[in-house]
Amino acid sequence: MIITIAHQKGGVGKSTIAVNLAVEMELPIIDLDSQNSCYLFSRIREKNHGKPLEVYTPGNLSELKEFLRTRKGEELLIDSGGYDNDLNRYALVVSDLVITPVSPSQIEVFGLEKFLKILRKAKQYNPKLEAYVLINNADSRSLSEIRDLERFIEGEDLFQLLNSKLFRRVDFRRAYQNGLSVCEYKPNSKACRELRALIKEIKLHM
Ligand SMILES: Nc1ncnc2c1ncn2[C@@H]1O[C@H](COP(=O)(O)OP(=O)(O)OP(=O)(O)O)[C@@H](O)[C@H]1O
Ligand SMILES: [Mg+2]
């Protein structure tokens, strides 16, 4: 079972979500982020807390293929890079589930339309791929933008919308800086509650 956090658009929260899911669901990550955000997180985590997180950073497509061959059948997370290249496309082709974080604004909807084209192509090679949009970095005061985004996604047959949402919470940034998931960092926070709800929902689709 491979879950990929993907969007060709940068800065939507892929790595933030990937590290939080990896810690809380105890899954290894394949880090395709060009800044190696998950790998760097795991370094802070190991140094500050001695807690390991398995992160693999393939250098090229054949290394990625070889890694996936040796770990066949395992549950894995992929943090896809914020651009369209051969590794990120391959990740979609081998995934069972793709989660695309989007924040509610018109500019993000345009970005999502572009990703739909990439996804449509991936689906031709991988018809079993299930694609979900996750509203992330949402502002609790922008309910009408959230509603607009929900309407756009509901009108698209390729995607389904996850009921869970992650709001803009400073704890996500601070937890990353500390090498922790938001639930390790602040167990009673809203961010942790939202993450737990998301994980519960993801498990329904696994
Ligand atoms: N729910 C959230 N609340 C607050 N800040 C967030 C949230 N999600 C993401 N961020 C912040 O947004 C920024 C971009 O997030 P992140 O690096 O995870 O995005 P990305 O999609 O992985 O980017 P890239 O495409 O460059 O790899 C970071 O500073 C991160 O802390
Ligand atoms: Mg990233």
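Where is the place of Leu32? Leu32 sits in the loop between strand E2 (29-31) and helix H2 (37-49). Helices (H or I, at least four residues) and strands (E, at least two) are DSSP runs, numbered from the N terminus.

This is a predicted model, in which local features need pLDDT of at least 70 and side-chain atom pairs count only at pLDDT 80 or more, while totals for chains, interfaces and linings use all residues. Residues are numbered from 1 along each chain as its sequence is written, and chains are lettered from A and ligands numbered from 1 in the order in which they are written.

Leu32 is buried, because 27 other C-beta atoms lie within 10 Å. A residue is buried if 20 or more other C-beta atoms lie within 10 Å of its own, exposed if 12 or fewer, and partly exposed in between, with C-beta atoms placed from the backbone. Residues up to four places away in sequence aside, Leu32 touches Ile78, Asp79, Ser80, Gly81, Leu87, Asn88 and Ala91. Contact here requires C-beta atoms, placed from the backbone, within 7 Å. From Leu32 to Ala6 the separation is 26 residues in sequence and 10 Å in space, C-alpha to C-alpha.

Asn36 is found in the loop between E2 and H2, and Glu26 in the loop between H1 and E2. Each has a positive phi in a residue other than glycine.

| Residue | Phi | C-beta neighbours inside 10 Å | Exposure |
|---|---|---|---|
| Glu26 | near 55° | 10 | exposed |

An open sheet is formed by 7 strands in the order E3-E2-E4-E1-E5-E6-E7, with parallel pairing. Its edge strands, strand E3 (55-56) and strand E7 (160-167), each pair on one side only. Two strands pair if DSSP finds at least two bridges between them; E6 and E7 pair in the parallel sense over 4 bridges. Ala138 has Phe167 in E7 as its bridge partner.

**The core**

The largest nonpolar core has 53 residues, of which Ala18, Ala22, Leu77 and Ile78 touch the most other members. Such a core is a set of buried Ala, Val, Leu, Ile, Met, Phe, Trp, Tyr and Cys residues joined through C-beta atoms within 7 Å. H1 gives the most to this core, with 6 residues. Beyond its neighbours within four places in sequence, Ala22 is in contact with Leu27, Ile29, Leu53 and Leu77.

**Helix H7**

Phe172, Ala175 and Tyr176 of H7 are buried. They lie on the same side of H7, because they cover an arc of only 100° around the axis, taken from the directions from the helix axis to the C-beta atoms. The buried residues of H7 pack against H1, H2, helix H8 (182-185) and helix H9 (190-204). On the face turned away from that buried side are the exposed residues Val170 and Gln177. Just after H7, Gly179 takes a positive phi of about 75°.

**Ligand 1**

Of the 18 residues around ligand 1, Gly10, Gly13, Ser15, Thr16 and Gly82 come nearest; a residue is near a molecule if its C-beta atom, placed from the backbone, lies within 6 Å of it. Helix H1 (14-25), strand E6 (130-138) and helix H7 (170-177) each supply at least two residues of this shell.

Technical notes
Contact = placed C-beta atoms within 7 Å.
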